Amino acid sequence: MYIFCVLQEGTDIEPLSIKAARYNAKMNNVESKFKVWNCSNHSSDDTHSKDQRQHDIIVANILKGPLIELAPVLAAYRKPTSVLGLSGIVSSQVEDVIQAYSDYFQNFNVHSAVGSEWGLITAQSKLDSDT
């Protein structure tokens, strides 16, 4: 994760996941290069300004329901040039997830390993930053 990066940031809505991520960063000696905070609507942990929350790459590996529910939240982290990677979904769920993100992203591609029902969706941010 940290070989070529200056800073990585992560978000979660589950306090135990955040605690585990911070512990793992400490154990792997990358605390100064990895920050994680709670992005739930009920958290005071996210003190970043809008500009500080915009990222070049947005990745989520969770199930279909949370991916769809969090589409506007994850989209709020994008820049006009961001790329998106979504996984944790099976092939039959891909179209529903793409539909949830289509207001914010474009040029969707679906990738899957040969013989696997699990898919990865990639996309590019729409240039219109008002969406």
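Q: Let's start with S125. Is S125 buried or exposed?
A: Keep in mind that this is a predicted model. The idea is to compare the relative accessible area with a cut-off: under 20% means buried. S125 has a relative accessibility of 3%, so S125 counts as buried.

Q: Where does S125 sit in the chain?
A: S125 belongs to strand β6, which covers residues 118-125.

Q: What does the side chain of S125 reach?
A: Look for polar atoms around it. The side chain of S125 comes to 2.9 Å from the backbone oxygen of K79. The side chain of S125 also has a polar contact with the side chain of R78, at 3.4 Å.

Q: Which residues is S125 in contact with, leaving aside neighbours within four places in sequence?
A: There are R78, K79, P80, T81, S82, Y104, F105 and Q106.

Q: S82 is on that list. Is S82 buried or exposed?
A: Same cut-off as before: under 20% is buried. S82 has a relative accessible area of 1%, so S82 is buried. You'll find S82 in strand β4, residues 78-90.

Q: Which backbone atoms lie by the side chain of S82?
A: A polar atom of the S82 side chain is 2.4 Å from the backbone oxygen of H55. A polar atom of that side chain is also 2.6 Å from the backbone nitrogen of K79. Not counting residues up to four places away in sequence, S82 touches H55, D56, I58, A123, Q124 and S125.

Q: How do I read the pairing of strands β5 and β6?
A: Check the direction of the strands and count the bridges. Strands β5 (residues 105-111) and β6 run antiparallel, with 5 bridges joining them. As one example, Q106 has Q124 as its bridge partner in β6.

Q: What lies between the strands in the hairpin of β5 and β6?
A: There are 6 residues between the strands of this hairpin, and G115 takes a positive phi near 80 degrees.

Q: Now a helix. Which residues of α4 are buried?
A: Helix α4 spans residues 94-101, and V94, V97, I98 and Y101 are buried there. Now look down the axis of α4: the buried residues fall within an arc of 100 degrees, so they line one face of the helix.

Q: What does the face of α4 turned away from its buried side carry?
A: That face carries the exposed residues E95 and Q99.

Q: And what covers the buried residues of α4?
A: The cover includes helices α2 (64-69) and α3 (71-75), along with β4, β5 and β6.

Q: How many salt bridges does the structure hold?
A: First the general idea: side chains of opposite charge can pair when their charged atoms come close. Here the structure holds 2 salt bridges. K79 and D56 form one of them, with their closest N and O atoms 3.1 Å apart. K79 is in strand β4 and D56 is in strand β3 (residues 55-61), so this pair ties together parts that are 23 residues apart in sequence.

Q: How accessible are K79 and D56?
A: K79 is partly exposed at 28% relative accessibility, and D56 is partly exposed at 45% relative accessible area.

Q: What do the side chains of K64 and D96 do?
A: K64 and D96 meet in a salt bridge, 2.9 Å from N to O. K64 lies in helix α2 and D96 in helix α4, so the pair ties together parts 32 residues apart in sequence. K64 is partly exposed, with a relative accessible area of 25%, and D96 is partly exposed with 39%.

How values were computed: Residues numbered from 1 in each chain as written. Predicted model: local features only at pLDDT ≥ 70, side-chain atom pairs only at ≥ 80, totals over all residues. Heavy atoms only, no water. Helix = DSSP H or I, 4+ residues; strand = E, 2+ residues; numbered from the N terminus. Buried < 20%, exposed > 50% of the residue type's maximum accessible area, 1.4 Å probe, protein only. Polar contact = N/O pair within 3.5 Å; in protein donor to acceptor, adjacent residues only side chain to side chain. Contact = heavy atoms within 4.5 Å. Pairing = 2+ DSSP bridges. Arc of directions from axis to C-beta. Salt bridge = Lys/Arg side-chain N within 4 Å of Asp/Glu carboxyl O.
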